[in-house]
Structure formats: C-alpha cells, structure tokens
Amino acid sequence: MPPLLEVQNLQTHFGTLDGVVRAVEGVSFHIDAGETVAVVGESGCGKSVTAMSIMRLIQTPPGKIAGKILFQGRDLLELTEPEMQAIRGKDISMVFQEPMTSLNPVLTVGRQIGETVMLHEGLSAKDAEQRAIEMLTLVGIPAPARRVREYPHQLSGGMRQRVMIAMALACSPQLLVADEPTTALDVTIQAQILELMRDLKTRVGAAIMLITHDLGVVAEMAQRVVVMYAGRKVEEGSVEDIFLHPLHPYTRGLMGAMPKLGSSLTTTGRTKLTEIEGQVPSLRKPIIGCAFAGRCPEVTDVCRRMAPAIEEKAPAHWVACHYAARAMAAA
Amino acid sequence: MFAYTVRRVIATIPVMAVVALFVFSLLYIAPGDPAAIIAGDQATPEDVERIRESLGLDRPFLLRFTEWLFRVLQGDLGVSIFTNLPVSHMIQQRLEPTFSLMALTLVIALSFAIPMGVLAAWKQGTWIDRLVMVFAVMGFSVPVFVVGYVLAYTFALQLDWFPVQGYSPLANGFGGWLSNLMLPAIALGSAFIALIARITRATMLEVLSQDYVRTARAKGVGQRSVLFVHALKNAAVPIITIIGIGFAALIGGAVVTESVFAIPGVGRLVVDAILRRDYPVIQGVVLMFSFTYVIVNLIVDLLYTVFDPRIRY
Ligand SMILES: Nc1ncnc2c1ncn2[C@@H]1O[C@H](COP(=O)(O)OP(=O)(O)O)[C@@H](O)[C@H]1O
Ligand SMILES: [Mg+2]
C-alpha cells in the first residue's frame with residue numbers, strides 16, 4: 001500500500017529583495033496512515049515552511065514550491081486552488097503554534113468549528129453548531145453548549161488550543177499537521193494537550209505530522225522522527241533509532257542534554273533541544289559541502305567540499321553524513 | 001447593551017450643550033455690533049435699533065442663552081429675520097432633499113469603496129491595487145464642486161443621461177428621485193469613496209497578515225469568504241470610525257453640492273441665510289447639522305460593539 005503522504009524532493013524557495021531564501025532544499029519523507037511522524041530541528045531550519053508547503057499555504061510568489069507532494073497518490077502541487085480547498089480542513093488539517101492569535105477574534109468558537117463541517121460536509125448552520133458542541137465535548141471543554149456561543153478572548157490559551165484541535169478534527173481528517181502545538185503553552189497545559197492529542201489519535205485514527213522543538217514530546221508521541229537542518233533532512237529513523245543510535249552529529253548534538261539510553265523514552269521530564277555551538281548557515285546562499293560542517297565537532301576536509309548524500313545505513317534509518325558508518329560502529 | 005446605549009446617549013448631552021453654546025455665540029463671535037452686521041450697510045439707525053431689540057441684545061448674555069435653549073428644547077428655533085417664518089418650519093421643508101442626498105451618497109460610497117479597498121488589499125502591488133490608489137488620491141484631491149461641474153457637463157449636458165439640476169421628491173416616484181440625485185451623490189461621494197477605500201485597503205492589509213486568516217485558509221475557506229467574512233469583519237472598526245469622522249466633511253460637501261446642482265435642501269437654505277445674515281436660520285441649521293453629527297457618532301459607537309465582541313459595554 002502506498003503511504004498516505006509522500007513528500008519527494010520538496011524545494012521551497014522565497015524570492016526576497018536580497019536574494020533567494022532556500023527555506024527547504026530537497027526534503028523527502030513519507031507518513032503512513034495512522035502514523036505519527038515527528039519533525040525536529042532548531043528554529044529556522046524549515047519545519048514550518050515544509051508544513052505550509054504541504055498545505056499549499058505558501059504565497060506564490062514570493063514563494064516557489066518544487067518537487068512532489070503525493071497525498072493518497074495525488075500530487076497536491078498539481079491541484080487547482082478549489083481542489084486544494086476541498087482537501088484543506090477535510091483530508092488534511094492543521095494546528096498552529098500560536099493559540100492566542102490563530103482563532104478569529106470576531107467570530108464565535110462555534111461558528112469557527114462549525115464552518116469546517118458546513119464547508120466540507122454541507123451541514124446546516126444548526127447541525128454545524130451541534131457538531132461544534134460535540135467536538136468541544138470531545139476535546140474536554142466544560143459547558144460546551146455555552147462555550148460555542150463565546151468568543152476566543154473569553155478562553156484561556158490552553159482552551160483555545162483545544163478549540164483549534166476540535167476545529168482541525170471536526171471532519172475526521174486523514175492527516176493532522178501540528179506545528180509546535182504546545183510550544184506556546186504552560187508546561188502543565190502542554191501535558192494535557194499532548195494527552196488529548198494521543199487520545200484523539202487513537203479514536204479518530206488520523207496520521208500526525210508533529211513538528212516540535214521538544215524531544216520529550218517526540219519520545220511520548222511519535223513512531224518515527226525526521227531531523228531537519230538548514231532546510232534539509234539530515235536523519236530519519238524510528239524513535240528508538242534516533243534516541244538510542246543517532247548517526248548524525250547534529251542529531252547527537254540535539255540529544256546532548258537527554259539522559260542516555262532507554263530511560264529517555266519513559267522519562268516524563270521534557271528536554272528542549274540543546275544549544276549547539278555556532279551559527280546556522282545562511283539560507284540565502286547555496287551551501288557547498290555538508291550544511292552542518294561549520295558547527296560539526298567531527299568535521300573534516302571532505303565535509304567542507306562535498307555534500308553527503310542521504311543513505312539508508314540501517315533498515316529504515318537514513319542519514320546524510322560521510323562518517324555515519326563510523327558512528328554505527330561506535331554505537 | 002441597553003445600559004451601554006443609555007450611557008452613550010447621556011454622554012452626548014454635554015457635547016450637545018457645548019455645541020448649543022457655540023451656536024448661540026455665533027452672533028457674538030463675529031466682530032463688530034451684531035445688530036449692525038445683520039442690518040447691513042444700507043440700514044438706518046432705526047433699523048439697527050429694531051433688530052437689536054428683536055434679538056434681545058440689550059439683556060444679559062446668560063439670561064438670553066438660557067431662554068433660547070429652553071425654546072430650542074421645545075423645538076422652537078426662532079423666527080427668520082428675512083422671511084418672518086419659524087426657522088424649524090423652514091428647515092423641515094428642506095430636510096428631505098438633504099437627507100436623500102446624504103443617504104444615497106453613503107450607500108453609493110460604501111458599496112463602491114469597501115469592495116475597492118478589499119480588492120486592492122488582496123491584489124496588493126498589482127495594477128488593480130495601483131488603479132484603486134490612483135483613484136483614491138484623485139478623489140481626495142479634486143474638490144466637490146469641480147467633480148460636480150465635470151459630471152454635470154458630461155453626463156447631463158453632453159450625454160443627457162441625467163437632469164442637469166433640481167430635485168424631485170420621493171413622493172413623485174423613485175425613478176425621478178434617483179436620476180436627479182445620482183450625479184450630486186457621485187460628486188459628493190467621490191472624496192468619501194477615496195477616504196473609505198484607502199482605510200479599507202490599509203486595514204485589510206494588516207488583517208490579512210494575521211494568523212487567524214491563515215487558520216481560515218487552512219480550513220479550506222474560499223478566497224471570497226476569507227476576504228469578506230474572516231478579514232473584513234476584523235477591519236470593520238477602523239472603517240466605521242472613518243465613516244463617522246468623514247461624516248463632518250460629508251455635511252460640508254452637501255452644502256456645496258446643493259449649490260452646484262440647485263437642490264433645494266438645508267445646505268442651500270444656510271448659504272442663502274449666510275448671504276442675508278439671517279442669524280436665527282444659520283443657528284438653526286448649524287444646530288441641526290451638529291445634532292446629526294452627534295447622532296451619527298453615537299450610532300458609530302454602538303456599531304463597534306456589534307462588530308467587535310472584545311469591546312466591552
Ligand atoms: N515568506 C518568507 N519569505 C522569506 N523567507 C521565509 C519566509 N517564510 C520563511 N522564511 C525563511 O525560511 C526559513 C525556515 O523557516 P521556518 O520553516 O519557519 O523555520 P522553523 O523550522 O523554525 O519552523 C527561515 O530562515 C525563514 O526566515
Ligand atoms: Mg516554525
């Protein structure tokens with residue numbers, strides 16, 4: 001069976017006044033039905049742009065998207081805007097990082113959730129409100145019949161993110177793209193939202209593309225991990241592979257502060273991606289050699305001259321590093 | 001909501017009081033002896049004295065103001081020096097053309113300006129945007145009477161599509177009413193359209209970059225609904241504000257427009273009154289226009305709460 005989503009050699013560039021920003025440069029990965037795939041990497045490495053490209057929410061121009069985004073076998077990049085509108089919110093929906101600003105302040109919560117089902121399932125306004133109440137119940141908002149009539153400013157940040165999730169799941173999508181859904185929330189609320197997403201995932205059966213900074217979240221939620229750096233995929237593997245046998249020095253850098261071995265998978269303490277020495281390279285210039293060479297503790301001349309190809313070093317464990325074999329031997 | 005409305009209405013009382021005081025003082029702010037000014041250059045001393053008495057100028061200011069205010073509150077705006085008719089009666093007879101002109105102007109202005117502004121914001125940087133902006137700058141910089149004469153010359157005199165001037169009451173048929181008012185309303189509305197189109201464009205540009213617009217798109221909402229439902233409702237408050245502020249200019253413009261197109265409205269009445277120095281009529285009209293302006297801004301205040309639930313009563 002073909003995967004639910006297959007991204008092939010995605011390139012998203014932005015034309016700006018001082019040159020082309022190569023935000024995503026040849027990223028490929030896939031997500032199977034019902035699977036949760038985490039996308040991790042430092043800020044600015046192209047995670048959001050990848051997500052927005054899949055949703056086709058990048059403004060073109062200044063943006064320019066190339067490659068293939070196959071969803072259920074159809075290339076989303078080939079679809080017309082109306083065809084894409086029929087997919088957004090129905091087959092693929094998205095939850096954003098900023099719950100405080102992502103809801104429309106002048107429309108009621110019920111209206112905003114109901115709109116999705118009115119659009120995609122042709123429900124009447126009355127039935128849509130009923131569905132909105134059901135969705136609010138599902139995401140654990142108390143007194144949903146009253147809340148549907150309220151406006152976003154009457155809700156807390158955690159509540160708003162629940163509303164966003166309710167909205168995203170209202171049409172039972174096949175794929176939920178969640179772009180740092182908990183980053184803006186308090187730690188206790190973060191745990192609740194994650195719990196909710198895990199619970200709903202088993203009920204709705206949606207696949208999740210989970211973008212996060214937070215390795216604790218990855219360990220709790222995902223089956224597979226895609227590690228991105230400077231608009232490229234540098235490593236991909238199962239959660240166990242990535243946590244226990246990271247092959248790319250960048251991935252190892254990210255894991256730096258994590259407690260070693262299996263304990264990391266069960267620990268509930270969250271760990272942010274650790275700071276790695278040095279600067280992320282500019283995306284405005286083509287990068288020669290390995291994108292991580294400037295910061296890599298194990299860098300050699302080869303790295304500076306030649307970009308490593310991404311290769312499957314172990315079953316379903318991909319890495320783009322000239323010295324992956326050495327890392328494997330050490331692991 | 002009701003309590004808020006009552007509070008807003010009460011808040012207009014001091015404003016109206018200041019307006020009334022100003023309107024009453026008009027006569028005295030003008031330099032020189034008001035009685036002599038009213039009587040004009042050719043008046044005999046007896047004429048001046050008669051006018052002085054009829055205006056009650058020999059009695060204390062505050063006493064006269066209080067008396068005048070009480071009469072105004074009862075709907076008595078005094079008697080015209082020129083025609084000897086009650087001012088309230090004279091204004092009443094002229095209200096329909098003026099309110100018709102303003103209403104039609106508002107309808108035309110809003111139904112053109114808002115789509116224009118929205119379109120320009122959506123197509124930012126394209127020739128559509130530039131066209132709208134050029135129009136907005138022009139509409140704003142060409143005076144009402146110039147637009148009026150150009151329109152009258154082209155569409156009335158040359159093409160004969162509309163009457164050149166005059167007014168036909170609504171009671172005599174909608175068609176005649178509309179064709180008489182069409183050119184004046186467009187002339188009066190051009191600056192207003194420009195103003196509203198600009199503010200709509202600017203506000204929409206800001207709103208369209210907000211996260212919730214992205215959310216709407218991510219839900220599969222179509223372009224039209226994104227623009228006119230999700231975005232425009234958020235842009236409503238600045239647009240309504242500018243409509244309220246611009247209403248003052250609309251009143252001033254109406255006076256000019258009525259002169260250009262010979263519409264027998266309140267504007268013409270006040271122009272004639274100024275030429276004849278008919279102070280009671282001037283006072284009455286200014287008071288009426290001020291009152292209208294205060295009411296319009298009261299409505300604007302109440303509309304805020306309709307469009308933005310975050311604005312608390
Ligand atoms: N509209 C845009 N125009 C120009 N550059 C952009 C645009 N959107 C994103 N970028 C750039 O693309 C890069 C990746 O951004 P993003 O995907 O948001 O990173 P993150 O991994 O933190 O989500 C950043 O360098 C950012 O500046
Ligand atoms: Mg991001």
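Guide: Let us begin with a polar contact at the ligand. The model is a predicted one. In it, an oxygen atom of ligand 1 is placed 2.9 Å from a polar backbone atom of A:Lys47.

Visitor: Which part of A:Ser48 comes 2.7 Å from an oxygen atom of ligand 1, backbone or side chain?

Guide: For A:Ser48 it is the side chain, through an N or O atom, that stands 2.7 Å from an oxygen atom of ligand 1.

Visitor: How much of ligand 1 does the protein bury?

Guide: One takes the ligand alone, then in its site. Alone, ligand 1 exposes 560 Å², and 64% of that is buried by the protein.

Visitor: How many residues surround ligand 1, and which are the closest?

Guide: The shell is read as a list of neighbouring residues. Here ligand 1 is surrounded by 13 residues, and the closest are A:Gly44, A:Gly46, A:Lys47, A:Ser48 and A:Val49. Sorted by class, the shell comprises six nonpolar, five polar and two charged residues.

Visitor: Which element gives the most residues to the shell around ligand 1?

Guide: That element is α1 of chain A, which gives three residues. In chain A, β1 (5–16), β2 (19–31) and α1 (47–54) each contribute at least two residues to the shell.

Visitor: Where do the domains of chain B lie in the numbering?

Guide: The domain assignment gives domain 1 as 2–73 and domain 2 as 89–312. The C-alpha centres of these two domains of chain B are 31 Å apart. Their contact draws 19 residues from domain 1 and 13 residues from domain 2.

Visitor: What area is buried between domain 1 and domain 2 of chain B, and which atoms give 77% of it?

Guide: An interface is described by its area and by the atoms that supply it. Between the two domains of chain B about 1,600 Å² is buried, and carbon and sulfur atoms give 77% of that area. On the domain 1 side, B:Tyr4, B:Met16 and B:Val23 lose the most area to domain 2, together 31% of what that side buries.

Note on methods
Residues are numbered from 1 along each chain as its sequence is written. Chains are lettered from A and ligands numbered from 1 in the order in which they are written. This is a predicted model: local features need pLDDT of at least 70, side-chain atom pairs count only at pLDDT 80 or more; totals for chains, interfaces and linings use all residues. Side-chain values use heavy atoms; hydrogens and water are left out. A residue is near a molecule or strand if one of its heavy atoms lies within 4 Å of it. A polar contact is a pair of N or O atoms within 3.5 Å; within protein, one must be able to donate a hydrogen and the other to accept it, and residues adjacent in sequence count only if both atoms are side-chain atoms. Accessible areas come from the Shrake-Rupley method with a 1.4 Å probe; for residues, only the protein chains shown count as cover. Helices (H or I, at least four residues) and strands (E, at least two) are DSSP runs, numbered from the N terminus. Ala, Val, Leu, Ile, Met, Phe, Trp, Tyr, Cys and Pro count as nonpolar, Asp, Glu, Lys and Arg as charged, and the others, Gly among them, as polar. Domain bounds come from an automatic or database domain assignment. Contact means heavy atoms within 4.5 Å. Buried area is the accessible area (1.4 Å probe) that two parts lose on being put together, summed over both.
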